Amino acid sequence: MAEQTGSDDLLGSLNPGQREAVVTGASHNLVLAGAGTGKTTTIVARIRHLIRQGTAPNRILAITFTRRAAAEIRSRVQTESRAMEGVGAMTFHAWAMREVRANPDVFGYEGWSVLDADDQAQVMRGVLGRGKRVEGLKASQIIDVVSFARNTRVTLADAIRAKFPDQTIDPKAIGAVVRAYEERKKERRYLNYDDLLLIFAARLADPQVAAWVGSHYDEILIDEMQDTNPLQWTIIDPLVPHTRFYCVGDDAQSIYGFRGADFASIHPFSERVPGARVMRLEDNYRSTQEILNLSNWLLSASPLEYGKHLRAVRGSGAKPELHSFETPQDEAGWIAGELRRAHEDGLPWNTHLILVRSNYSGRAIESLLIENDIPYVFFGGTKLLESAHVRDVLSALRVVANPDDEVAWLRLLTLVPRVGDRTAVRAFDALLAAREQGASARDARASALVSMPEWLRAGLDAIEDAANRVDDAVGRAAAMLTPVLATKYRNENWDARQRDLVHVERLAASRRSILEFIEEYLLSPVFTSELTAAPKDDDHVVLSTVHSAKGLEADWAFCAGVSPGAYPSSRALGDADAVEEERRVLYVALTRARDRLCVTRALFHTPVRAWVGGPYAMDVLEDAYFLSTLPEGLVAETVHVPQRAPRPGPPPGLAAPPEIDLGVDLGDLE
DNA sequence: GGACTCTGGATTTTT
DNA sequence: TCCAGAGTCC
């Protein structure tokens, strides 16, 4: 039996636990896979197994957390054979978007535009008007709290209490603003990320729709199940009777609580999904035992019972290193030096992974990598479609694709010299009025934009003519705006920005429409450095935020900035759940290393900022600091004291300082 | 009145 | 890098 033999090859490289997880015949499954236990391997093997068993690839859907994870699964599945092509792999948001766009008769919302976080804040700012704040909250904070409420499916008032426990905020005042914002969003036919999930979930509540959607798939696999939030569960629940679910996750790696995920939500999985079988993978294939000892200790120091104890199949290796420095700059400099040395010794750059807590802290390291000529990619850095100059160019495309897109119009119009907010708003109102009288988009532009320069009207017409060749349209928009952008960004790295525009043009090739192009990269962003920093070959260092590091591993991992006040973050203090999530963030970081783990920190330079309820003193941060109870012997510690050459004291016998006349010579004025 | 320029300050984490 | 605010210029 040829099929059976193939199956044996496929399963041969798996351990008994993985094999069992791959061939399970239960209708629904949850695989609790600890860090490094072969989670992705298991998912990929499961997909291959299903296909070998006769499932058509396009009846399998893998829900992943990021575009990168989706690409990884797709490529690992496809290396086997072309027969594997067609497996869907995408995020929840991309899935919802695809269903909504492909089936306007079922879901509606045809022609509505998706807004990213910045644009949502822009709409909210418009609602807030002059003061730009309500109850002390600014636009982006209100957007966040609304999103939290929807993703956790609680009321706005509860979300406000959860997000801002120390502040007295009148939920009614926020509610009024939010209502006005929702109204404006509807008027302009805007959707945000949450709306996509909500629309999908709301229609799935209809049993007929659920049966229909479910009938498209034999199995839906969900990666990173621990980070699935209540809103996403409302998509899963109605589909349970109609397809199979294969979920993989690890509660100890749940780090998306701020987005509504609850790490405990996978515990009652088998009650929530009737008939589900729960399996565990506990043998770690990634790291040495010493690295796991440190990781295991971190969890065991928690008041929560994680019940994790990772065992290293690979056995023993070097102790993790703990390096302390005076300042973050010293820390970053040392890391860059280590990478350089290793490269000179013949190790490729891609041996290394550097993990940081925030984008901000990554930038210090990024600049030292640049200084040392080390090729890198920064996952978590600036996203291409979120950078100001790319948004400028996209605004020209957006107004062509959707003439009602107010945010895009205002952005585009204010690029015109001598046009500010007021003039732009007036022009937009004129456009709307013309459209309401039945003018085509092109005619409305011709009549309403009479006072605008000719290049704008002609340029938009040219973009419209190229709308079905999206890369061409991007090129035309960039050409049209290059003169004004060159001025706007003349002191802000214009050359590099101009190169980005070429990348955008390339990404747009083969997209069917402007909206499809924008939506694809809005829902699955590309980081700028993925396109620019390591263009030559694949050998580069990976710098990543811990949150973007899901699924990443490397021979050497540097966890940077592991200082008091950072782990846990001072913002989490006072909230036990938040502190626990911080612990899991560090756990995810530590478990990325295969052979060498370097934990680095700047001890004498911790920023102690004023915070709601007063600044935290250093000793409070020290008390909460996870590594302050680190037992002897788990790590090899090095304290790096900067080498300062001693300077000789002043010459002996110097006269006492004389009084010096500090007044200015007034000359004739006297 | 509106546009533009400069400066200082702050920045968890992401679809 | 980005935003907000103040001050300046047309």
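This is a predicted model: local features need pLDDT of at least 70, side-chain atom pairs count only at pLDDT 80 or more; totals for chains, interfaces and linings use all residues.
Let us begin with an open sheet of six strands, whose order is β3-β2-β8-β9-β1-β10 and whose pairing is parallel. At its edges are β3 (88–91) and β10 (276–281), each of which pairs on one side only. Going from one strand to the next, the twist averages 15°. As a reminder, strands of a sheet pair through backbone hydrogen bonds, either parallel or antiparallel.

You can look at one pairing in detail. Strand β1 (residues 28–33) runs parallel to β10, and the two are paired over six bridges. Within this pairing, Leu32 has Arg280 of β10 as its bridge partner. Helix α3 (residues 39–52) packs on this sheet and touches β1, β2 (60–64), β8 (219–222), β9 (244–249) and β10. The direction of α3 makes about 160° with that of β9.

Strand β13 (residues 321–325) and β19 run parallel and are joined by four bridges. If you find Leu322, you will see that Glu637 in β19 stands opposite.

Two helices, α17 (359–371) and α20 (421–436), each supply at least two residues of the surface near DNA strand B. The one that gives the most is α20, with three residues. Sorted by class, this surface has nine nonpolar, ten polar and seven charged residues.

**Where the protein meets DNA strand C**

The residues around DNA strand C are Arg125, Ser387, Ala388, Asn493 and Arg497. By class, the surface there has one nonpolar, two polar and two charged residues.

| Residue | Protein atom | DNA atom | Distance |
|---|---|---|---|
| Thr91 | side-chain N or O | sugar or linking oxygen of DNA strand B | 3.4 Å |
| Val419 | polar backbone atom | phosphate oxygen of DNA strand B | 3.5 Å |
| Arg571 | side-chain N or O | phosphate oxygen of DNA strand B | 2.7 Å |
| Arg125 | polar side-chain atom | phosphate oxygen of DNA strand C | 3.3 Å |
| Arg497 | polar side-chain atom | phosphate oxygen of DNA strand C | 3.4 Å |

**Two residues to look up**

Is Ser395 buried or exposed? Ser395 sits in helix α18 (residues 388–401). Its relative accessibility is 1%, so Ser395 counts as buried, because buried means under 20%. Leaving aside residues up to four places away in sequence, Ser395 touches Ala408, Arg411 and Leu412.

Gln232 belongs to helix α13 (residues 230–239). With a relative accessible area of 2%, Gln232 is buried too. Not counting residues up to four places away in sequence, Gln232 touches Phe92, His93, Leu197, Asp227 and Arg259.

Most residues other than glycine have a negative phi, and most peptide bonds are trans. With that in mind, here are some places to check.

Glu135 is not a glycine, yet has a positive phi of about 55°. You will find Glu135 in the loop between β5 (133–134) and β6 (137–138). Glu135 is partly exposed, with a relative accessible area of 35%.

Arg153 is another residue other than glycine with a positive phi, near 60°. Arg153 has its place in the loop between α8 (139–152) and α9 (156–163).

Finally, which residues does a cis peptide bond join? They are Tyr567 and Pro568, and omega is about 0°. Pro568 lies in the loop between β17 and α27.

Note on methods:
Residues are numbered from 1 along each chain as its sequence is written. Chains are lettered from A and ligands numbered from 1 in the order in which they are written. Side-chain values use heavy atoms; hydrogens and water are left out. A polar contact is a pair of N or O atoms within 3.5 Å; within protein, one must be able to donate a hydrogen and the other to accept it, and residues adjacent in sequence count only if both atoms are side-chain atoms. Ala, Val, Leu, Ile, Met, Phe, Trp, Tyr, Cys and Pro count as nonpolar, Asp, Glu, Lys and Arg as charged, and the others, Gly among them, as polar. Buried means under 20% relative accessible area, exposed over 50%, partly exposed in between (1.4 Å probe, protein chains only). Contact means heavy atoms within 4.5 Å. A residue is near a molecule or strand if one of its heavy atoms lies within 4 Å of it. Two strands pair if DSSP finds at least two bridges between them. Axes are lines fitted to C-alpha atoms, for helices over the stretch in contact, and angles run from 0 to 180 degrees between N-to-C directions.
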